[in-house]
Amino acid sequence: MTVVGINYAPESTGIAPYTTAMARALRDAGALVRVVTGVPHYPQWEVTDPRYRSGRRWHENVDGIDVLRVAHHVPPTADLGGRARMEATFLRNALPAVRGSGADAVVAVTPSLAGLAAGVLGSRGAPLGVVVQDLTGAGAGESGTTGRAAARAITSGELWGLRRARLVGVIAPRFGELLVEAGVDADRVVDVPNFTHITASTATRDEARQVLGWSTDEVIALHTGNMGMKQGLEVLVDAGRLAGEDGGCVRVVLVGDGNQRDRLVQLAHGLARVTILEPLDDERYGLALAAADVLLLNEKPGVREMSLPSKLTSYVATGRPIVAAVEPGGISHALLTQHGAAELVGAGDAAGVLAAVHRVSSDPARAGALVAAGSRMGAALWSAPAAEARYRAFVARLLDA
């Protein structure tokens, strides 16, 4: 079978870990798996590995899986024009590979519309399944990267592909509800939640800080992952500015990369209580989570339906409380409210974020309750064995449909 999507290992954040795990689960079930994917570029939005800076196709065997990487444009700024060119070049190069694979089934992973289109146009009568990690059209509109007309056009193209799929897997039930409302057959929608893909560090807070060189005298509020428009991380920089003004000991630490990183560095210039770090390897990432007093989830005001942040699957495995500044009524807000798994703040409220960090870090009972709720949520929704079983069941149903 063929899996097509623009993100795959060695990318270690965002969608890639889940697509990689799906391919491995299918391999372990005895399937002959080919992955058609792009060149590693996320979240830096840059091709840092010199192997992929020239050429058009790279055949690799990764953990017993046939991986075909195809060249595509990587925009220095992930605006509408840059993304459109990336999608167009990936589709141009991925479609012949999918069409010529002769697979018994094809699974496309979105939000890459090019991956979706390559699946629809290249499956050649083989059953097509789609795993929806984000809603592309909603993301374009809610993140502010496009105007309403462009967002509607993107949504139209997205729905065109999804309506042609035999099965549509969604990582959050609300995605399924929205797609059914938009005309996707409810009988074809299947829940395939993501999973916790990190191993939590066993280091204590102070042990982790000693390794990382972080002070043990500060309250560290940590955000990790993509630094894009939908995260709205200027709010956290502003919270760090307020932390400096109130004379307290809170430090806001942002770890990661993305198309807004340079802007955030500029905004944080001269702020004593804000630290912005490059992405960390797996070991140091686990240590950073262990070193935190509070983990931050932040979404731009207006972000409601476009995505469920993948960082949540890592956060709940760490034994640290979560403070979430999210839009009331949105997917993230609904999930966290249902499970009581975060101290909630309105999106865009920097002062509220700082106040919530103070509340949680100074109240061990409240922090413990949030950690316990997050652990229960993770166990119920995001265990790796359950996710692997869901991937196998999804493909089995796709083949039997």
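The count of salt bridges in this predicted model comes to 19, a salt bridge being a side-chain nitrogen of Lys or Arg within 4 Å of a carboxyl oxygen of Asp or Glu. Residues are numbered from 1 along each chain as its sequence is written. Since the model is predicted, local features need pLDDT of at least 70, side-chain atom pairs count only at pLDDT 80 or more, and totals for chains, interfaces and linings use all residues, while side-chain values use heavy atoms, with hydrogens and water left out.

## Salt bridges

Side chains of opposite charge can pair when their charged atoms come close. The table lists some of these pairs.

| Pair | Distance of the closest N and O atoms |
|---|---|
| Asp293 and Arg209 | 2.6 Å |
| Arg359 and Glu343 | 3.0 Å |
| Glu343 and Arg366 | 2.7 Å |

Asp293 forms a salt bridge with Arg209. Asp293 lies in the loop between H10 and strand S12 (294-298) and Arg209 in helix H7 (residues 205-212), so the pair ties together parts that are 84 residues apart in sequence; helices (H or I, at least four residues) and strands (E, at least two) are DSSP runs, numbered from the N terminus. Asp293 counts as buried at 18% relative accessibility, and Arg209 counts as buried at 0%, where buried means under 20% relative accessible area, exposed over 50%, and partly exposed in between (1.4 Å probe, protein chains only).

Glu343 forms salt bridges with Arg359 and with Arg366. Glu343 lies in strand S14 and Arg366 in helix H14 (residues 364-381), distant parts of the chain that are 23 residues apart. Glu343 is buried, with a relative accessible area of 10%, whereas Arg366 is partly exposed at 33% and Arg359 is partly exposed at 40%. Elsewhere, salt bridges that share partners join Arg205, Asp206, Arg209 and Asp293 into one network.

## The sheet of 8 strands

An open sheet of 8 strands has the order S3-S4-S2-S1-S5-S6-S7-S8, with mixed pairing, and two strands are taken to pair if DSSP finds at least two bridges between them. The edge strands are strand S3 (57-62) and S8, each of which pairs on one side only. Neighbouring strands of this sheet are turned by 20 degrees against each other on average, direction ignored, with axes being lines fitted to C-alpha atoms, for helices over the stretch in contact, and angles running from 0 to 180 degrees between N-to-C directions. Helix H2 (residues 80-99) packs on the sheet, touching S1, strand S2 (34-37), S3, strand S4 (65-70) and S5, and its direction makes about 165 degrees with that of S2.

In strand S5 (residues 106-110), 5 of the 5 residues are buried, so this strand is largely enclosed by the rest of the structure. In a regular strand the side chains alternate between the two faces of the sheet. Both faces of S5 are covered, with Val106, Ala108 and Thr110 buried on one side and Val107 and Val109 buried on the other. Strand S1 (residues 2-4) pairs with S5 in the parallel sense over 3 bridges, and Val4 stands opposite Ala108 in S5. S5 also pairs in the parallel sense with strand S6 (residues 128-132), over 5 bridges, and Val106 stands opposite Leu128 in S6. Together, S5, helix H3 (residues 113-122) and S6 make a right-handed β-α-β unit, which here means that, with the strands pointing away from the viewer, the path from the first strand over the helix to the second runs clockwise.

Both faces of strand S7 (residues 167-170) are covered as well, by Leu167 and Gly169 on one side and Val168 and Val170 on the other, all of them buried. S6 and S7 run parallel and are joined by 4 bridges.

## The sheet of 6 strands

Another open sheet is formed by 6 strands in the order S11-S10-S9-S12-S13-S14, with parallel pairing. Strand S11 (274-277) and strand S14 (343-346) stand at the edges, each with a single partner strand, so one side of each is left without a neighbour in the sheet. Strand S13 (residues 322-326) is joined to S14 by 4 bridges, and Ala325 stands opposite Val345 in S14.

## Nonpolar cores

The largest nonpolar core has 75 residues, and those with the most contacts inside it are Val132, Leu179 and Leu222; such a core is a set of buried Ala, Val, Leu, Ile, Met, Phe, Trp, Tyr and Cys residues joined through side-chain atoms within 4.5 Å. The largest share of this core, 6 residues, comes from helix H10 (residues 282-291). A second, separate core of 29 residues includes Ala239, Leu254, Leu354 and Val360.

Conventions:
Contact = heavy atoms within 4.5 Å.
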